[in-house]
Amino acid sequence: MFRVLLSLTAAALVFVAAWVVWDRARGPTATPIADFSAPFVFGRFSVPADNPLTQEAFALGRHLFYDPILSGNNTVSCASCHLQALAFTDGRAKSPALSGGVLEFSSMSLANLLWGQERFFWDGRATSLEEQALIPIQHPDEMDQDIDALMVELRASIKYRRMFRRAYGDVTAENTAKALATFMRMLISSDSKYDRYLRGKARLTAQEEHGRKLFMAHPDTKVSLRGGNCIDCHSQFLTSGFRDALDGFSNNGLDPDGTLPDGLMAVTGNSAHKGFFKVPTLRNIAVTAPYMHDGRFKTLEEVMDHYNDGIVVSDTLSPLILEADNAPDNGPDTIGLRMTPEEMAAIIAFLHTLTDEVFLTNPQLSNPFDGDT
Amino acid sequence: MRLSHVTLGISTAAILISAGWFTLRALPEKSTSITLTFHAEMGGAPLVYDQFVYDNPGGPGTFRVRDFRFYLSNLSVAKGAETYSEADSYHLLRFDNADRSHSITLTDVPLQSVETVGFLIGVDPEANSSIQPRGDLDPNSQMAWNWEVGYKFVVFEGALRIGETVSPVVYHVGFSENARQQSFAIPSDSQVDGDVQVDLTVDLAKLFNGATRIDMETLPSVKFDRTDAKDLADNYADMIAPKF
């Protein structure tokens, strides 16, 4: 009896040892994310050939995104400034800086990053999500983490060693960036009322439909067409900026020449780009207040007031904004849409149809450490 | 006796067929590659962006160009009665690059040579009323109005300066009736060894000065007014020409 037990134990030990060795030696498992779909109206997207979407990379990226281990003092995670319930913004005008005070910019919503501009940050300085991901980690006022020190910390964790091995192989900075990028590519918001309306599964109220029409129309007084001209910059289905070249950046009239920030010009060196910022997605916009790159507007009403009669002229101001006017008597000091209060309320009602509760509460995108013991 | 005749006949036929098949296969397939390079100009000189260097064609003031782009679609080439049409042929031509040019290459055109090239400035009605992305058509792009209206075919944006006053000039021309067909004979010296290189000029000045001469002061914007749009379309119908 004892002998049987002994040999069984030995066999079990050998098996476990062999499994452990095999598990370490084998390459990444790389299960492609198969069941992922997006509305075809979102259009084409591309994923870097050297970082395909896989379950393992997503799982790793999700852990990294929510793990404060990524910061120097182990208190700040990506999710500190990108909260799921707020469509991955932080609800503040400007995010808090580690050294006290605030950062230069307002946090940005992370949704549908596979589409729209292929440049990231308000001024477009990162040209891929892989490049973007390591920037906040090392930024002294965001996460202030030395990348090599982070690799040492991650390698010390059995769990991360295993997750990296399954997803990519080694624990490296490059693979950290790739995993974070994969997680962010899968932040897909496509279940708002507007999406369901596009799929023929929901009806907009009369006010929402009025707002949709105004959103989608550039006003033309010559043919009595009223419009909010939002679509001149925020695309009709994605509501983000355009993908082609630098089309997704523009100056929407926030500041005069004297105080106009550099924006995209800081990246391209082209003075025609001064004051250009990334046209953000308007998906889930009702939950991402405050608004604009510096969070200057607290409500959507304030945003609409800006477009309606608060436009500030500067040399690079979009001609489409300068020229869009619903009132025929084009006086020199009337720059703005000059819509009625009902029309502005209708556009705001349409913007509310862009809220996607499924996205904001999807457990697969939530903090994987919640409920962990 | 009979049988051997039949056998002989069959084998001869088989030999002939296979011999023929191999010879034909060995013949090189004749195909041609064609590159069309479009050069943006204003009245004969390369287009300049973002500077007030051009005179308002029909009135006072000077203007600058911020953006100029258009759709060229349904590209086809022909030799005699044989025609080859590119599939999903929708090209967005934009010139905001260093050499102010845009090239389109058609490879493996199954013609021995090409004599003419044809295309549409604009988008055909079928594609213009669809939200399917194809070629450079993208319903989430700057060229899309919205799915109820279709695409902008030709976009010009800039500003007019009269004295100290700067005002925007925005011409967005669309609507299916404003697509304009153009075709040209290809200059005979542009063909070397199955490789055709054609240079064409796109003269933006023609947009403002043709059958209708535009005064940007009185016509600062063209969008949904059908008459204004048609006037500009009749002008741009002549803006492309082969370069000799």
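A polar contact of 2.9 Å links the side chain of Ser189(A) to that of Asp356(A). Like everything described here, this contact comes from a predicted model. The side chain of Ser189(A) also pairs up with the side chain of Asn284(A), this time through a polar contact of 3.4 Å. As for where Ser189(A) sits, its place is the loop that runs between helix 7 (173-185) and helix 8 (193-198) of chain A. With a relative accessible area of 0%, Ser189(A) counts as buried, because that value falls under the 20% cut-off. Leaving out residues up to four places away in sequence, the list of residues touched by Ser189(A) reads Phe42(A), Ala111(A), Asn112(A), Asp195(A), Arg283(A), Asn284(A), Asp356(A) and Phe359(A). Ala87(A) is 102 residues away from Ser189(A) along the chain, yet 9.1 Å is what separates their C-alpha atoms.

Asn251(A) is another loop residue, found between strand 1 (249-250) and helix 10 (265-268) of chain A. Its relative accessible area is 2%, so Asn251(A) is buried by the under-20% rule. The side chain of Asn251(A) reaches a backbone atom, namely the nitrogen of Gly253(A), at 2.8 Å. Once neighbours within four places in sequence are set aside, Asn251(A) still has contacts with several residues, including Leu260(A), Lys274(A), Gly275(A) and Phe276(A). Ser314(A), Thr316(A), Leu317(A) and Ser318(A) are also in contact with Asn251(A).

Next come two helices of chain A. The axes of helix 9 (residues 206-215) and helix 13 (residues 341-352) come within 7 Å and cross at roughly 95 degrees. That angle lies in the 65 to 115 range, so helix 9 and helix 13 of chain A are roughly perpendicular to each other. On the helix 9 side, the contact is made by Gln207(A), Glu208(A), His210(A), Gly211(A), Arg212(A), Leu214(A) and Phe215(A). Helix 13 brings in Glu343(A), Ala345(A), Ala346(A), Ile347(A), Ala349(A), Phe350(A) and Leu351(A). Sorted by type, the residues of this contact between helix 9 and helix 13 of chain A are eight nonpolar, three polar and three charged.

Chain B can be summed up as a whole. Its secondary structure comes to four helices and 16 strands. Of the 244 residues in chain B, 50% are buried. Chain B exposes about 11,600 Å², with carbon and sulfur atoms supplying 54% of that area. Finally, taking contacts in chain B between residues at least 6 apart in sequence, 71% of them join residues at least 24 apart.

Technical notes: Residues are numbered from 1 along each chain as its sequence is written. Chains are lettered from A and ligands numbered from 1 in the order in which they are written. This is a predicted model: local features need pLDDT of at least 70, side-chain atom pairs count only at pLDDT 80 or more; totals for chains, interfaces and linings use all residues. Side-chain values use heavy atoms; hydrogens and water are left out. Buried means under 20% relative accessible area, exposed over 50%, partly exposed in between (1.4 Å probe, protein chains only). A polar contact is a pair of N or O atoms within 3.5 Å; within protein, one must be able to donate a hydrogen and the other to accept it, and residues adjacent in sequence count only if both atoms are side-chain atoms. Contact means heavy atoms within 4.5 Å. Accessible areas come from the Shrake-Rupley method with a 1.4 Å probe; for residues, only the protein chains shown count as cover. Axes are lines fitted to C-alpha atoms, for helices over the stretch in contact, and angles run from 0 to 180 degrees between N-to-C directions. Angles under 35 degrees count as roughly parallel, over 145 as roughly antiparallel, 65 to 115 as roughly perpendicular and the rest as oblique. Ala, Val, Leu, Ile, Met, Phe, Trp, Tyr, Cys and Pro count as nonpolar, Asp, Glu, Lys and Arg as charged, and the others, Gly among them, as polar.
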